[in-house]
Amino acid sequence: MDCTIQNIKCEICGRVFHKVCHAEPFDKVCDSGECFHKKFWLEIIKEKDEHVIINGICYYLDRTHPMSDSPFRGYGGREFKIKLHTGEIIVTNNLWHNGEVPKEFRDRLPNNAEFIK
Ligand SMILES: [Zn+2]
C-alpha cells in the first residue's frame with residue numbers, strides 16, 4: 001500500500017482531491033458520499049454475474065462455491081434457494097445483502113432471479 005499524499009481526480013464527479021493511503025477499488029473516488037455510492041453500484045454492474053437481483057434488492061453470492069463452511073457467512077449461514085431467470089437453481093448458505101438497487105441503476109441491474117422454496 002502506498003501511503004504518500006496524492007492528488008486524485010474523482011472518476012465520478014471530476015473533482016480533484018487529496019488522499020493518503022488509498023485502497024482499491026475506491027481509490028479514484030472522492031469522499032462525497034454520493035460518488036462513493038455511485039462507484040459501489042458501478043462496480044456491481046461490472047461484476048454483474050456475481051450478483052443476483054431479486055425484487056430490486058441486490059445480493060452477492062459465490063457462484064462457484066454457493067455452499068460454504070466458513071464461519072463468516074452471509075445471513076449467518078441461513079440457506080436460500082434461488083432460481084435464476086435462466087432456469088438455473090442455486091442453493092446457498094452464504095448470501096450477502098448488497099442493498100436496494102438505486103433507481104438510476106435499475107435498467108442496468110434488472111431482476112434476474114427469485115427466491116423459491
Ligand atoms: Zn466525486
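Predicted model: local features only at pLDDT ≥ 70, side-chain atom pairs only at ≥ 80, totals over all residues.
Q: What order do the strands of the open sheet have?
A: The order is 3-4-7, three strands with antiparallel pairing.

Q: Which ones are the edge strands?
A: Strand 3 (51–54) and strand 7 (96–100). Each pairs on one side only.

Q: And what does the twist average?
A: 25 degrees from one strand to the next.

Q: How many bridges join strand 4 and strand 7?
A: Four, in the antiparallel sense. Strand 4 covers residues 57–60. Within this pairing, Ile 57 stands opposite Glu 100 of strand 7.

Q: Which helix packs on the sheet?
A: Helix 1, residues 33–46. Helix 1 touches strand 3, strand 4 and strand 7. Its direction makes about 120 degrees with that of strand 7.

Q: Switching to cores. Which residues make up the largest nonpolar core?
A: Ten residues: Val 52, Ile 54, Tyr 59, Leu 61, Phe 80, Ile 82, Leu 84, Ile 90, Leu 95 and Ala 113.

Q: Which strand gives the most to this core?
A: Strand 5, with three residues. Strand 5 spans 80–84, and strand 3 also supplies at least two residues.

Q: What is Ile 82 in contact with, leaving aside neighbours within four places in sequence?
A: Its contacts include the core residues Val 52, Ile 54, Leu 61, Ile 90, Leu 95 and Ala 113. Glu 88, Thr 92 and Phe 115 are also among them.

Q: What lies apart from that core?
A: Another core, of eight residues. Trp 41, Ile 45, Cys 58 and Leu 109 are among them.

Q: OK, aromatics. How many pairs does the structure hold?
A: Four aromatic pairs. One of them is Phe 40 with Trp 41: the ring centres are 5.2 Å apart and the planes are at 90 degrees, so the pair is edge-to-face.

Q: What about the rings of Tyr 59 and Phe 115?
A: That pair is edge-to-face because the planes are at 75 degrees; the centres are 5.6 Å apart. The pair links distant parts of the chain, 56 residues apart. Tyr 59 is in strand 4, Phe 115 in strand 8 (residues 113–116).

Q: Why does Tyr 59 count as buried?
A: Because its relative accessibility is 9%, and buried means under 20%. Phe 115, at 35%, counts as partly exposed.

Q: Which aromatic cluster holds Tyr 59?
A: The one formed by Tyr 59, Tyr 75, Phe 80 and Phe 115.

Notes:
Residues numbered from 1 in each chain as written. Heavy atoms only, no water. Pairing = 2+ DSSP bridges. Axes fitted to C-alpha atoms, helices over the stretch in contact; angles between N-to-C directions. Contact = heavy atoms within 4.5 Å. Core = buried A, V, L, I, M, F, W, Y, C linked by side-chain atoms within 4.5 Å. Buried < 20%, exposed > 50% of the residue type's maximum accessible area, 1.4 Å probe, protein only. Phe/Tyr/Trp six-rings, centres within 6.5 Å; stacked < 30°, edge-to-face > 60°.
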